[in-house]
Amino acid sequence: MRDLLLLLCRYPFEESNRKALSEMLGEVKDWHKLVELINAHGIIALAAYNIKETGLEATVPAEAMAILENGYLQSVVRNTWLTEHWKEVNTILSDAGIKHVLLKGMALEHTIYGSRGLRQMNDNDILLKREDSLKAWYLLQQKGFSHGPIKSALHKKFLPDIGKHLPELYKDGYAVEIHHKIFESENETNKDNIDPVDSSVEITIGGTKAFILSNEMQMKHLISHFERHALEGSVQIRQYADIILLDKTTSVVMPDKFISNPHQTENKVYRKAAYKKNFATVPAKYQLRYLIGDIFPSVSWMKRTV
């Protein structure tokens, strides 16, 4: 199953792998399980696209192929919808003189994936300079966006010092996450102290100017993001596919333990590791208040998590 899943996420699909794909598809015994895993790993659009591009639809049961094709269509529609909503965010921030950089899904979809709906997304992630992040967060709220309950009022006093991004913002079902940094430790991963916003690259999305990370910074970020998810117990082949698409010679390996179950965040070992990692990013002067806020969360936050 591992080899088949990793082959289905390749893009662009090499003709030299067509025979191997055909043989693997022909050996599948449990199509329900395979389709379930393809969807769980966020590669249903890629899988459907590659099977159709190689002309191997006949090797897939009609019901399974229909689910894959429907998943691909949904990804195309959703990515188009996300792009249009991002344009509103782009206008609001640009009019205020705030530069932002597209991260992960949106950046990759409109570059290396060719704007074909192949990079499945749930929301948009953008990077701003730290000094602009909170300003932009409040500005978007003035324009109709809102955020979910914050765990504690104590946390709200130092939001930019908790993790790498501010609480996600929502409007009409659309979600955007404002990042103020992309690495846990800038000194460890960005030794040259290159500002990722200043060094960003301009692209065009449907006639609208946008910015993405430079290739080198993009690769470092994707690997860092992948490693953080592995620590937290949630690794999808979608994340691995992004990395190998940028660099087929990468030494990054998809962990076997996440192939059959990509989402293991409820495991106490992963939860503990994730909490310790997040707590370590909080400056010492705020750590006591962070802990108190964790122990005594707000009523609104508790209601949401019940």
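User: How many aromatic pairs does the count come to?
Analyst: This is a predicted model, where local features need pLDDT of at least 70, side-chain atom pairs count only at pLDDT 80 or more, and totals for chains, interfaces and linings use all residues. Residues are numbered from 1 along each chain as its sequence is written, and side-chain values use heavy atoms, without hydrogens or water. Rings of Phe, Tyr and Trp (its six-membered ring) pair if their centres lie within 6.5 Å; planes under 30 degrees apart are stacked, over 60 edge-to-face, the rest tilted. By this rule the count is 11 aromatic pairs.

User: How many residues apart are Phe158 and Tyr286?
Analyst: Helices (H or I, at least four residues) and strands (E, at least two) are DSSP runs numbered from the N terminus. Phe158 sits in the loop between helix H8 (153–156) and strand S4 (169–171), Tyr286 in helix H13 (residues 284–295). The pair links distant parts of the chain, 128 residues apart.

User: Is Phe158 buried or exposed?
Analyst: Buried means under 20% relative accessible area, exposed over 50%, partly exposed in between (1.4 Å probe, protein chains only). Phe158 has a relative accessible area of 1%, so Phe158 is buried.

User: Which residues does the side chain of Lys129 join by a polar contact?
Analyst: Lys129 lies in the loop between strand S2 (124–127) and helix H7 (130–142). A polar contact is a pair of N or O atoms within 3.5 Å; within protein, one must be able to donate a hydrogen and the other to accept it, and residues adjacent in sequence count only if both atoms are side-chain atoms. The distances are 2.9 Å and 3.1 Å. The partner side chains belong to Asp195 and Asp198.

User: Where does Lys99 lie, over the face of which residue?
Analyst: A charge sits over a ring if NZ of Lys or CZ of Arg is within 6 Å of the ring centre and within 35 degrees of the ring normal. Lys99 is 4.3 Å from the ring centre of Phe211.

User: What space lies in the largest cavity?
Analyst: On a 1 Å grid over the protein atoms alone, a cavity is a set of points where a 1.4 Å probe fits but cannot get out; lining residues have an atom within 4 Å of a point. Grid points are joined across faces, edges and corners, and a volume is the space filled by probe spheres set on the points. The lining residues include Tyr11, Tyr113 and Lys248. The space is about 50 Å³.

Methods. On a 1 Å grid over the protein atoms alone, a cavity is a set of points where a 1.4 Å probe fits but cannot get out, and a pocket is an open set with protein on both sides within 12 Å along at least five of seven lines; lining residues have an atom within 4 Å of a point.
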